[in-house]
Amino acid sequence: LDRFAKIQRTMKILDQYGYVVDPQEFQVYVDTFSWPKKIFDLLNELKSTIELATVKFQDGLLADVAALNKSILDYNKHLETFAEFSDLEKVEQYYEEVQKMTGHIEDAREKQKLY
């Protein structure tokens, strides 16, 4: 910033006395005073990129939540079918399936807490 202020003071003095700067000095002056515009343009571009990425990420999260909710409903429906079993010889098999599905539901609920 000190260099910036020095160049600004120097250019004002030179302009005040009608001194014509050479192209190299003028380029330094232009580069010094044009960097804020370049930075603000870059910041605006990055802001737009971040906003688009945020929307895309949020859409992805919503899709994940919808898929997770559908999985939970499917797991619950699957468990409800076991409640209606009629073959007593398959009780052990039904029990194992219920245990597995209960695990799936608990995993899904843990994932749901993340959202």
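A helix here is a DSSP run of H or I at least four residues long, and helices are numbered from the N terminus. By that definition, D74 sits in helix α2. The model is a predicted one. Its chain has 3 helices and 0 strands. The radius of gyration is 34 Å, well over the 13 Å that the globule rule gives for 115 residues, so the chain is more spread out than a compact globule.

**Overall shape**

- From the N terminus on, the order of elements is α-α-α.
- The C-alpha trace spans about 105 × 20 × 20 Å along its principal axes.
- Of the chain's 115 residues, 10% count as buried.
- Take the contacts with a separation of 6 or more: residues 24 or more positions apart account for 56% of them.
- The chain carries 15 positive and 21 negative charges.

**Helix α1**

- Helix α1 covers residues 2-16, which makes 15 residues.
- From first C-alpha to last, α1 reaches 21 Å, close to the 21 Å expected at 1.5 Å a residue.
- G18 follows α1 and has a positive phi, near 75 degrees.

**Helix α2 and its residue F26**

- Helix α2 runs over residues 23-82, and F26 has its place there.
- F26 has 44% relative accessibility, so F26 counts as partly exposed. The reason is the cut-offs: buried means under 20%, exposed means over 50%, and partly exposed is in between.
- F26 and Y95 are 69 residues apart in sequence. In space, their C-alpha atoms are 84 Å apart.

**Helix α3**

- Helix α3 covers residues 91-114, and Q112 is one of its residues.
- At 1.5 Å a residue, the 24 residues of α3 should span 34 Å. The end C-alpha atoms are 35 Å apart, which agrees.
- The buried residues of α3 are Y94, M101, I105 and A108.
- Q112 has a relative accessible area of 36%, so Q112 is partly exposed.
- Leaving aside neighbours within four places in sequence, Q112 is in contact with L68, N69 and I72.
- Q112 and F26 are 86 residues apart along the chain, with 61 Å between their C-alpha atoms.

- Y75 belongs to helix α2.
- Its relative accessibility is 23%, so Y75 counts as partly exposed.
- Which residues does Y75 contact, leaving aside its neighbours within four places in sequence? They are M101, H104, I105 and A108.
- Three of these names, M101, I105 and A108, are among the buried residues of α3.
- Y75 and M101 are 26 residues apart in sequence, yet their C-alpha atoms are 6.3 Å apart in space.

**D74**

- How exposed is D74? Its relative accessible area is 36%, so D74 is partly exposed.
- D74 and K113 are 39 residues apart in sequence. Their C-alpha atoms are 18 Å apart in space.

Definitions and conventions. Residues numbered from 1 in each chain as written. Predicted model: local features only at pLDDT ≥ 70, side-chain atom pairs only at ≥ 80, totals over all residues. Heavy atoms only, no water. Helix = DSSP H or I, 4+ residues; strand = E, 2+ residues; numbered from the N terminus. Expected span 1.5 Å × (residues − 1). Rg over C-alpha atoms; globule rule 2.2 N^0.38 Å. Buried < 20%, exposed > 50% of the residue type's maximum accessible area, 1.4 Å probe, protein only. Contact = heavy atoms within 4.5 Å. Lys, Arg positive; Asp, Glu negative; His and termini not counted. Charge placed at Lys NZ, Arg CZ, Asp CG, Glu CD.
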